[in-house]
Amino acid sequence: MRAYTFAVRNTKEILRDPLNLAFGLGFPLVLLLLLSAIQANVPVSLFEIDSLTPGIAVFGLSFMTLFSATLISKDRSSSLLRRLYTTPMTPADFILGYTLPIVPIAVIQSVVCYLAAVILGLDVTVNIIYAVLFTFPVSVLYVGLGLLCGSILTDKQVGGICGALLTNLSAWLSGVWFDLELVGGVFKKIAHALPFVHAVELERAVLAGDFGGIFPHLWWVLGYGIAILVLAVFCFMRQMKKQ
Amino acid sequence: MDAVRTQNLTKKYKDVVAVDGLDLSVRPGELFSLLGVNGAGKTTTIKMLSCLSSPTDGDAYLNGKSIIRDTSEVKRIIAVSPQETAIAPGLSVKENLELICGVHGFPKNKREAKIGEVSCALSLGSVMKKKAGKLSGGWQRRLSIAMALISEPEILFLDEPTLGLDVIARSELWDIIRTLKGKVTVILTTHYMEEAEALSDRIGIMREGRLLICDTADNIKKSAGTDNFEEAFIRIVRGVK
């Protein structure tokens with residue numbers, strides 16, 4: 001009940017910020033349209049709609065980290081959290097309250113992204129539903145990053161680190177904008193040691209109906225997601241005690 | 001039974017002793033003010049009493065419940081209005097009140113009744129649908145206190161509740177705080193001497209984590225040998241008679 005009340009509040013705070021809607025829904029759609037237009041004029045296999053859409057869907061999820069981290073860091077700086085720490089709310093209530101609202105928002109964002117892709121020519125198959133469902137483990141990764149960043153950074157730092165650095169890094173290292181094979185070397189090794197490219201490859205495999213191809217990417221995404229979530233919970237509880 | 005009783009309450013941060021063996025008792029329904037210059041230990045004391053921070057030594061009992069052993073029970077009977085305005089800016093005034101009712105587990109009918117009662121007591125009716133983040137400082141502070149009161153606390157901590165408010169807003173908040181006397185035990189910290197003198201049943205003056213004196217405003221003035229409370233405060237803190 002307490003976690004639900006807090007989750008409802010957090011959902012309202014996120015959805016009432018027009019910037020969140022603009023970046024969370026608008027920006028990935030603009031990119032999808034823009035890159036599809038480029039593809040129409042200068043064909044690049046990477047930007048074909050069935051390859052591009054999973055990448056954009058995953059890229060859009062990086063904004064979930066920004067939403068959640070911004071909310072938590074602002075709550076910390078405004079003393080609202082300090083007030084709530086003196087109520088009967090438990091650490092689990094806080095963590096669930098911050099993470100639960102992001103997951104449905106992430107799923108809705110993916111649905112909108114795939115619907116737009118259908119309008120742009122993506123074949124309608126049952127795999128689209130599976131692809132949307134597989135955004136769940138990917139969203140755990142980004143939700144965990146949001147909780148982690150919100151717990152250790154100030155609201156100003158969140159803007160720079162999550163808003164600029166994380167969204168760009170997760171995009172460059174995901175193989176959405178350019179083929180990692182073309183860069184190769186250390187860059188490619190770093191990209192494959194991080195979860196972002198695996199998240200995109202996981203989504204691409206699901207959309208293509210290649211369910212054998214989701215491995216080992218699913219393990220990478222789940223492994224990073226769980227590890228980051230555990231670290232985030234630890235950091236959140238640590239800052240709770242610091243109050 | 002005392003509403004608040006501290007026993008050798010101590011808080012150390014590495015080499016700094018923020019609160020040093022505080023022994024204090026506050027009666028039920030009393031409005032007790034803690035005064036002191038910056039760094040005197042007022043806010044640290046409130047943080048320990050409201051279970052935000054654990055004491056390094058000693059203990060405190062709120063309506064008989066230990067802040068160390070009975071944290072969950074203590075949290076059910078207290079409310080805090082922090083120094084900085086602590087509201088959810090993207091929610092309306094009503095939604096902020098609903099949030100606090102929800103985290104205290106009030107059923108829907110009780111929630112509606114409490115919102116009506118508190119909004120009436122603090123004259124929030126005209127701003128109930130407005131976004132909290134768009135309100136003036138005075139209204140935000142009023143909402144912050146309403147959020148503390150709506151949980152029906154037995155003990156209410158008001159940490160510098162009128163800081164930064166204009167004269168009118170401050171006077172209005174004083175009237176609200178006066179209405180709580182006898183119903184709720186209020187622990188108030190403030191830098192405003194006239195506020196402590198006007199509102200408090202008793203006042204404790206702290207310096208360097210220690211309680212220098214704890215008495216009524218009149219007795220504190222007598223003890224310091226002056227008719228002016230601010231002068232009395234200065235003399236006591238400086239150790240001058």
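Predicted model: local features only at pLDDT ≥ 70, side-chain atom pairs only at ≥ 80, totals over all residues.
**Stop 1: where the two chains meet**

Start by showing chain A and chain B in separate colours. The contact draws on 21 residues of chain A and 30 residues of chain B. Between them, the two chains bury about 2,300 Å², and 57% of that lies on carbon and sulfur atoms. Now select A:Arg16, A:Arg83 and A:Thr86: this trio supplies 30% of the area that chain A buries against chain B, more than any other three residues.

Next, pick A:Lys12 and B:Glu95. Their side chains meet in a salt bridge, with 3.3 Å from N to O.

Colour the side by residue type and you will find seven nonpolar, six polar and eight charged residues.

**Stop 2: aromatic rings in chain A**

Over all chains, the structure holds 16 aromatic pairs. For one of them, select A:Tyr142 and A:Phe196, a tilted pair with 6.2 Å from centre to centre and 35° between the planes. A:Tyr142 sits in helix α8 (residues 135-152) of chain A and A:Phe196 in helix α12 (residues 196-207) of chain A, so this pair ties together parts that are 54 residues apart in sequence. Are these two residues buried or exposed? Both A:Tyr142 and A:Phe196 are buried.

Move on to A:Phe178 and A:Phe187. Their ring centres are 5.9 Å apart and their planes meet at 40°, so this pair is tilted. Here A:Phe178 is partly exposed, with a relative accessible area of 28%, and A:Phe187 is partly exposed at 28% as well.

To finish this stop, select A:Phe6, A:Tyr85, A:Phe94, A:Tyr98 and A:Phe236 together, as ring pairs link these residues into a cluster.

**Stop 3: a serine in chain B**

Now go to B:Ser66, in strand β5 (residues 65-66) of chain B. With 0% relative accessibility, B:Ser66 counts as buried. Show its side chain: a polar contact of 2.8 Å joins it to the side chain of B:Asp59. A polar atom of the B:Ser66 side chain also lies 3.0 Å from the backbone nitrogen of B:Arg69. Leaving out residues up to four places away in sequence, B:Ser66 touches B:Asp59, B:Ala60, B:Tyr61, B:Thr71 and B:Val74.

**Stop 4: a covered helix**

Select residues 42-49 of chain B, which make up helix α1. How many of its eight residues are buried? Six are, and the helix is mostly covered. The buried ones are B:Lys42, B:Thr44, B:Thr45, B:Ile46, B:Met48 and B:Leu49. After α1(B) comes B:Cys51, with a positive phi near 65°.

**Stop 5: a leucine in a loop**

Last, select B:Leu163, in the loop between β7 (155-159) and α6 (167-180) of chain B. Its relative accessibility is 34%, so B:Leu163 counts as partly exposed. Beyond its neighbours within four places in sequence, B:Leu163 is in contact with B:Gln83, B:Arg141 and B:Tyr192.

Methods
Residues numbered from 1 in each chain as written. Chains lettered and ligands numbered in written order. Heavy atoms only, no water. Helix = DSSP H or I, 4+ residues; strand = E, 2+ residues; numbered from the N terminus. Buried < 20%, exposed > 50% of the residue type's maximum accessible area, 1.4 Å probe, protein only. Contact = heavy atoms within 4.5 Å. Buried area = accessible area lost by both parts, 1.4 Å probe. Salt bridge = Lys/Arg side-chain N within 4 Å of Asp/Glu carboxyl O. Nonpolar A, V, L, I, M, F, W, Y, C, P; charged D, E, K, R; others polar. Polar contact = N/O pair within 3.5 Å; in protein donor to acceptor, adjacent residues only side chain to side chain. Phe/Tyr/Trp six-rings, centres within 6.5 Å; stacked < 30°, edge-to-face > 60°.
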